[in-house]
Amino acid sequence: MAEEAVESADFCAENITEEDIVSQADKETENITEEDIVSLANKETGEFEIDFCFEGGLHNTNWETCTKNSGHTDFFPIDEFTIDKLPDNVRDKDTYGLIKALSELTVHITVGYASPDRPSKVNDKDYPCFSAKNRWTPRYGSGRVWGAEKVENEPCQCSDCKTSDNPIKQWAKISILTAMHVIFDQSEAEKSKFKLGFNKDGDNYKTLEGYKAFKCDLKEDMCYLYSASHRVDLVDELKKHLEEFEEKCRVVNAKYKKTDNVKLTAIVSHPHGYFKRVTVGNWEVQEPQKNKSTRYEYTTATCKGSSGAPVFVFGKEKGWWLTHHHSGCDKNTKFNYSGIIWL
């Protein structure tokens, strides 16, 4: 069963080994199938918007059979997102440039494991992956890069180098922000993969490997972690995009803070683990939290797989290093909502 699971899930969880899949919990219930695990995990997602894999391939079943956004007409491929896709009253080069810059920092996330420490409920809501914890549980999410640095004269922290007698000692250390229900803790960070530039079929995207979760907050639904790559050239490339994003943030926030009747919100995500998409809408509810933190509810379209994606609330974000991240969809209001960030 384990070998069949690996073969059918190559796209979902690259390089996951048989040892990863056949955990002690699996050994106790060897007759459970891949479909059983994934089906149960999908039922337990509740309002959260991670997505679980049924099969390999880019045009996966969940994208094609989605009922929340059938046809995904509001989800623009990044290469087709032109300035005319913006609402008339916000159609300018700075607004457009910021969204494009944010897209360069957005990452596709695949996680191949569920931590044994996941709770069953949080705030009386079912928490994802509880029944499948300590098992191979391939799922999709999104996130964003918020830092990049070159590391020299230290062993690389990727899985290959950790077991090598001759590890690479010059490598790229990339910081990523996502939702905690996507990557819960250290055990999941070590079994996570990230794709940069996963925009369309045939793209030469870059793959990063997670190795350390250094700040996780259950209340804020937030996870900061480090990833590693041997592609040292990524650091200069990402720093350029971060600088561009910072510059655009200053310009557009100064502009939109003077405009009370505009509630523009943009999200860049990988719905259903698919290629990068941009959605544009409005925020409807701003919920102040303790310590000047905020949570937003918005009409901006999201799907399963969008969890952890960067959410830019124009005129409200206070710095390039901070953006909200998508969390879920309220079944009562039908609004989508973010995690909590100090903004």
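**Entry 1: cysteines**

I looked up disulfides, that is, pairs of cysteine sulfur atoms within 2.5 Å, and the structure holds 0 of them. In general, a disulfide is a covalent bond between the sulfur atoms of two cysteines. I then examined cysteine 303, which is in no disulfide; its nearest cysteine sulfur belongs to cysteine 66 and lies 3.6 Å away. Cysteine 303 is buried, at a relative accessible area of 1%. I use buried for under 20% relative accessible area, exposed for over 50% and partly exposed for values in between, computed with a 1.4 Å probe on protein chains only. I also checked cysteine 129, which is buried with a relative accessible area of 0%.

**Entry 2: the model and its overall make-up**

I note that this is a predicted model, in which local features need pLDDT of at least 70 and side-chain atom pairs count only at pLDDT 80 or more, while totals for chains, interfaces and linings use all residues. Residues are numbered from 1 along each chain as its sequence is written, and side-chain values use heavy atoms, with hydrogens and water left out.

I find 9 helices and 17 strands in the protein. Both are DSSP runs numbered from the N terminus: helices are H or I with at least four residues, and strands are E with at least two. Of the 343 residues, 56% are buried. I also looked up contacts, meaning heavy atoms within 4.5 Å. Among those between residues at least 6 apart in sequence, 69% join residues at least 24 apart.

**Entry 3: helices H6 and H9**

Two packed helices are described by the angle between their axes and the distance between the axes. I looked up helix H6 (residues 93–103) and helix H9 (residues 233–256): they pack at about 140°, with axes 9 Å apart. The axes are lines fitted to C-alpha atoms, for helices over the stretch in contact, and the angles run from 0 to 180 degrees between N-to-C directions.

Which residues make the contact? On H6 they are Asp94, Thr95, Gly97, Leu98, Ala101 and Leu102. On H9 they are Glu244, Phe245, Lys248, Cys249, Val251, Val252, Lys255 and Tyr256. I count by class 8 nonpolar, 2 polar and 4 charged residues. Here Ala, Val, Leu, Ile, Met, Phe, Trp, Tyr, Cys and Pro are nonpolar, Asp, Glu, Lys and Arg are charged, and the others, Gly among them, are polar.

**Entry 4: salt bridges**

I looked up salt bridges, each a side-chain nitrogen of Lys or Arg within 4 Å of a carboxyl oxygen of Asp or Glu. The structure holds 17.

One of them joins aspartate 94 to lysine 255, with the closest N and O atoms 3.4 Å apart. This pair links helix H6 to helix H9 across 161 residues. Aspartate 94 is buried at 18%, whereas lysine 255 is partly exposed at 32%. I also see that Asp92, Asp94, Lys248 and Lys255 are linked in a network of salt bridges.

Another joins arginine 139 to glutamate 188, at 2.7 Å between the closest N and O atoms. Arginine 139 is in strand E6 (residues 139–152) and glutamate 188 in helix H8 (residues 186–189), 49 residues apart. Are these two residues buried or exposed? Arginine 139 is buried at 0% relative accessibility, and glutamate 188 is buried at 0%.

Lysine 206 and glutamate 237 also meet in a salt bridge, at 3.6 Å from N to O. Lysine 206 is in strand E9 (residues 206–217) and glutamate 237 in helix H9, 31 residues apart. Lysine 206 is buried at 18%; glutamate 237 is partly exposed at 31%.
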